[in-house]
Amino acid sequence: MQTELKIAFIGGGNMAGALIGGLAGKLTAGANIHVVDPNPATLEKLSQQFGVSTAGAIGEVVAACDMVVLAVKPQQMKEVVAALQPRLRSQVIVSVAAGVRASDLSRMLGGHGAIVRTMPNTPALIGKGMTGMAALPGVSPAQRDAAEAVMRAVGKTLWVSDEALLDPVTAVSGSGPAYVFYFIEAMQQAAQEMGLSAEQGVELAIATFVGAAQLAADSDEPVSLLRERVTSKGGTTYAALTSMESDGVKQSIVKALKAAAARGKEMGDEFGRG
Ligand SMILES: NC(=O)C1=CN([C@@H]2O[C@H](COP(=O)(O)OP(=O)(O)OC[C@H]3O[C@@H](n4cnc5c(N)ncnc54)[C@H](O)[C@@H]3O)[C@@H](O)[C@H]2O)C=CC1
Ligand SMILES: O=C(O)[C@@H]1CCC=N1
């Protein structure tokens with residue numbers, strides 16, 4: 001089902017590419033998506049892949065869009081916001097930037113109140129994204145629904161009432177795919193060190209992640225119970241988990257995610273000071 005929603009993406013990098021790949025031709029036609037990025041190679045690739053229109057700088061097309069997705073790095077955001085302000089009408093702004101607070105964006109956009117801050121992740125590219133969302137009070141119900149429809153088109157959504165909770169969301173699901181890939185890489189390395197080929201190792205690891213994650217998603221039971229069912233007393237899994245527990249792997253993961261959330265808050269503080 002196609003809508004006529006006109007969306008401008010400011011920044012056409014990794015996250016924008018994943019969102020556009022999930023949206024184009026599904027929620028709205030590629031032709032209704034406009035991408036602004038200073039990198040001509042990025043624009044060429046997105047235009048060829050998804051039929052989006054492109055520009056090297058924010059212009060009249062952005063002014064005519066219903067929604068503007070800010071998908072640049074926090075360090076690039078100030079320049080973008082300054083260029084965007086003269087083109088703002090009543091568009092809803094959807095930011096995907098880690099850390100950057102909606103209230104700071106609103107202040108830098110001359111008090112524009114229609115801002116939804118989100119934290120998607122790259123599985124959006126295949127419609128399996130997970131997006132945390134928070135809206136400023138100035139977002140109308142229709143704008144909130146439009147932002148939700150975009151993110152729902154590329155996966156699941158979770159609204160949080162307090163925007164500060166988007167830093168922990170970032171730590172869990174925004175950065176989360178990287179931890180999963182890291183774990184797969186570790187499983188592949190172990191497989192190779194034990195005599196399997198790299199291809200065999202990665203096939204086994206990926207299939208195991210997909211299967212176990214789907215099992216957990218389909219189950220009503222706690223994940224800990226699913227883990228216990230794999231773990232025969234005195235068996236192989238028990239040996240592995242005992243080794244992980246004695247090395248403090250779980251505490252390390254918890255510590256790492258807290259570092260990610262703290263960095264998100266720090267990035268927000270840095271942006272807000274400027
Ligand atoms: N990569 C990921 O998994 C996720 C990223 N994010 C957020 O998405 C945002 C973008 O991250 P990535 O896509 O990973 O970075 P990226 O570096 O791949 O993309 C940023 C893009 O912005 C463009 N750009 C730079 N200055 C610009 C300007 N003045 N106007 C328009 N475009 C400009 C760059 O050419 C580049 O293509 C960040 O704020 C990040 O926190 C959020 C969730 C997940
Ligand atoms: O690493 C980052 O800062 C961004 C936000 C979540 C995933 N990538």
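This is a predicted model: local features need pLDDT of at least 70, side-chain atom pairs count only at pLDDT 80 or more; totals for chains, interfaces and linings use all residues.
## Around ligand 1

Of the 27 residues around ligand 1, the ones that come nearest are Gly-11, Gly-13, Met-15, Ala-97 and Ala-98. Two elements give two or more residues to this shell, namely H1 and helix H4 (77-84). H1 supplies the largest share, with three residues.

## Around ligand 2

Which residues sit around ligand 2? They are Ala-98, Thr-170, Gly-174 and Ser-175. Sorted by class, this shell has one nonpolar residue, three polar ones and no charged ones.

## The nonpolar core

Now for the inside. The largest nonpolar core is made up of 59 residues, and Phe-9, Ile-10, Val-68, Val-69 and Leu-70 have the most contacts inside it. Helix H1 (residues 14-23) gives the most to this core, putting in six residues. In soluble globular proteins, nonpolar side chains tend to be buried together.

Leaving aside residues up to four places away in sequence, Phe-9 touches Ala-16, Ile-20, Ile-33, Val-35, Val-36, Val-69 and Ala-71.

## Two domains

Step back, and the chain is divided into domain 1 (7-163) and domain 2 (176-265). How far apart are the C-alpha centres of domain 1 and domain 2? They lie 33 Å apart. Where the domains meet, the contact takes five residues from domain 1 and four residues from domain 2. The side of domain 1 that touches domain 2 has two nonpolar residues, three polar residues and no charged residues.

How values were computed:
Residues are numbered from 1 along each chain as its sequence is written. Chains are lettered from A and ligands numbered from 1 in the order in which they are written. A nonpolar core is a set of buried Ala, Val, Leu, Ile, Met, Phe, Trp, Tyr and Cys residues joined through C-beta atoms within 7 Å. A residue is buried if 20 or more other C-beta atoms lie within 10 Å of its own, exposed if 12 or fewer, and partly exposed in between; C-beta atoms are placed from the backbone. Helices (H or I, at least four residues) and strands (E, at least two) are DSSP runs, numbered from the N terminus. Two residues are in contact if their C-beta atoms, placed from the backbone, lie within 7 Å. Domain bounds come from an automatic or database domain assignment. Ala, Val, Leu, Ile, Met, Phe, Trp, Tyr, Cys and Pro count as nonpolar, Asp, Glu, Lys and Arg as charged, and the others, Gly among them, as polar. A residue is near a molecule or strand if its C-beta atom, placed from the backbone, lies within 6 Å of it.
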